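Subject: A structure for you to explore

Hi there,

Here is the structure I promised you. Please open it next to this email and follow along as you read.

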Amino acid sequence: MWAYNETFYQIYPIGFCGAPTHNDGVTMHRILKIADWAGYLEELGIGSIILNPIFESDNHGYDTRDLTKIDCRLGTNEDFQTVCETLHSHNIKIMLDGVFNHVGRGFWAFQDVLEKKWDSPYKDWFYIKDINKVDTPLNKIDSKNIPYETFSCVAEMPKLNTENEEVIEYLLEVGRYFIKEFDIDAWRLDVSNEVDHSFWRQFRKEVKKIKSDVYILGEIWHNSLPWLMGDQFDAVMNYPFADALIKFFCTNEIDEIEFKYRLNDIVSNYQMQTIESGFNLLGSHDTTRVLSYCNNNKDKFKLAYLFMFTQSGAPCIYYGDEVGMTGVQTKDCEGQRECMVWDEDKQDKEILTFMKKIISLRKRYSEFKLVNNEWVLAKDKVIIVKKENISIIINNNDFEKTIDLPDYLKDKKVYDLFNEVYVNLESNLTLNPYKYLIIKN
């Protein structure tokens, strides 16, 4: 699977491109900013981007009106075609966010139900509990007594009946359409644990018929083995991995023993090939940004990203992390979905240089992609992880730490991969607060 070798870059397009929050029907062509940014992404070392919802919607993109049209705040289908062609010319693949669990009240089929009620041919596309009250205005709907099933008890997002044959065919055609017409390379499947397994089995068959190496990524926040048996998804967003890294490196909520346990537990839950083609992240459009988790401590931020890039599974950067963007998760999600920092003078060049380095190191040394970690040391917030002949040594303390090196490193001449110099080690190694050493012996 091609994703095994890639670094992903997640973009929440409405935020990234600075589009208005509310859709007033004006076509704005803002998605072309992503095409303009292709050279930057290629230089950074990105192999694939994830575009959160680009489909016509009322507000944030997850309240869809039409799954076949690009949101006018972003542009047109023709604009998206240009984006795809430009990214592919820079050897960057494209993943779209498929929101197939629910739609918005403005979705064309749901609008028909609101208007015609019992006479609507689309009434069985949804889980209607009280058809006589289905058209109740949003401001008069009690969130505890919504007359139809929804996503997360939000009346603006009615849930689709993915056991209905017409719904199934409509969604399968959406999956096929964007591969055939725009040559996209992957699908991210939103809240996929709330959609019927049999639908995902059909979805996989249909999209793989068109493009055999299309990458299918599920959004599931917990153990996901039932979806990773080879008949549904290729990978899921590894939120348990993200949680472990954030709590150890960024917020100090767990110690090195708990950290080691959590990572080993993730590896033990899945087959080897599943972990190899997995998908790792530290933050997304649904979470606080990594630098904010670190209370703006750039050294802690670097440790978290450095460790992620030394692990099996494709790493993903949330847009703007690489230039020091911050943002705390809020109820309306505006805190972590701000516009990209376009002005180079306002970008954190230190972080950007660091990110380019770890991306290039991962490309250069295949050992980082190996599944198994040999835990040489996990004590007093210091870890040494060995992958064949590469060792990652990290001091996750806010003070200097002297480490008694293992025998295989004592008094050895090794190569410092990050700084690209040879180093003569002694029996002990002193690391400054929140510092690291990646060596090959």
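Which residue in β10 is the bridge partner of F279? It is A314. Before going on, please note that this is a predicted model, in which local features need pLDDT of at least 70 and side-chain atom pairs count only at pLDDT 80 or more, while totals for chains, interfaces and linings use all residues. Residues are numbered from 1 along each chain as its sequence is written, and side-chain values use heavy atoms, with hydrogens and water left out.

**The chain as a whole**

The protein chain has 13 helices and 18 strands. Both kinds of element are DSSP runs numbered from the N terminus: helices are H or I with at least four residues, and strands are E with at least two. The C-alpha atoms fill a box of roughly 80 × 45 × 40 Å along the principal axes. For 441 residues, a compact globule would have a radius of gyration near 22 Å, and the 23 Å of the protein chain agrees with that. This radius is taken over C-alpha atoms, and the globule rule is 2.2 Å times the number of residues to the power 0.38.

Of the 441 residues, 58% count as buried. Buried means under 20% relative accessible area, exposed means over 50%, and partly exposed is in between (1.4 Å probe, protein chains only). Among contacts with a separation of 6 or more, 68% come from residues 24 or more positions apart; a contact means heavy atoms within 4.5 Å.

**The sheet**

Now to the strands. An open sheet is formed by 8 strands in the order β8-β7-β6-β5-β2-β1-β10-β9, with parallel pairing. Two strands pair if DSSP finds at least two bridges between them. The edge strands, β8 (235-236) and β9 (279-280), each pair on one side only. Helix α7 (residues 197-210) packs on this sheet, where α7 touches β6 (186-189) and β7 (215-218), and its direction makes about 165° with that of β6. For such angles, axes are lines fitted to C-alpha atoms, for helices over the stretch in contact, and the angles run from 0 to 180 degrees between N-to-C directions.

Strand β1 (residues 8-11) is joined to β2 (residues 48-51) by 4 bridges, and Y9 stands opposite I49 in β2. β1 also pairs with β10 in the parallel sense, over 3 bridges; here Q10 stands opposite Y318 in β10. Between β9 and β10, which run parallel, there are 2 bridges.

Is β10 covered or open on its two faces? Both faces are covered: A314, C316 and Y318 on one side, and P315 and I317 on the other, are all buried. In a regular strand the side chains alternate between the two faces of the sheet.

**Rings and charges**

A search of the whole structure finds 47 aromatic pairs. Rings of Phe, Tyr and Trp (its six-membered ring) pair if their centres lie within 6.5 Å; planes under 30 degrees apart count as stacked, over 60 as edge-to-face and the rest as tilted. F80 and F182 form a tilted pair, 5.1 Å centre to centre with 50° between the planes. F80 lies in helix α4 (residues 77-89) and F182 in helix α6 (residues 165-182), so the pair ties together parts that are 102 residues apart in sequence. Both F80 and F182 are buried.

W108 and Y170 form an edge-to-face pair, 5.6 Å centre to centre with 70° between the planes. W108 is partly exposed at 32% relative accessible area, whereas Y170, at 15%, counts as buried.

The charged end of R337 sits over the ring of Y12, 4.5 Å from its centre, and that of K413 over the ring of Y422, 5.2 Å from its centre. The rule is that NZ of Lys or CZ of Arg is within 6 Å of the ring centre and within 35 degrees of the ring normal.

**An enclosed helix and an exposed residue**

Helix α8 (residues 239-250) is largely enclosed by the rest of the structure, because 9 of its 12 residues are buried. Among them are Y239, F241 and L245. Just after α8, N252 takes a positive phi of about 60°.

By contrast, V328 is exposed, with a relative accessible area of 51%. V328 lies in the loop between β10 (314-318) and α13 (349-364).

Enjoy exploring!

Best wishes
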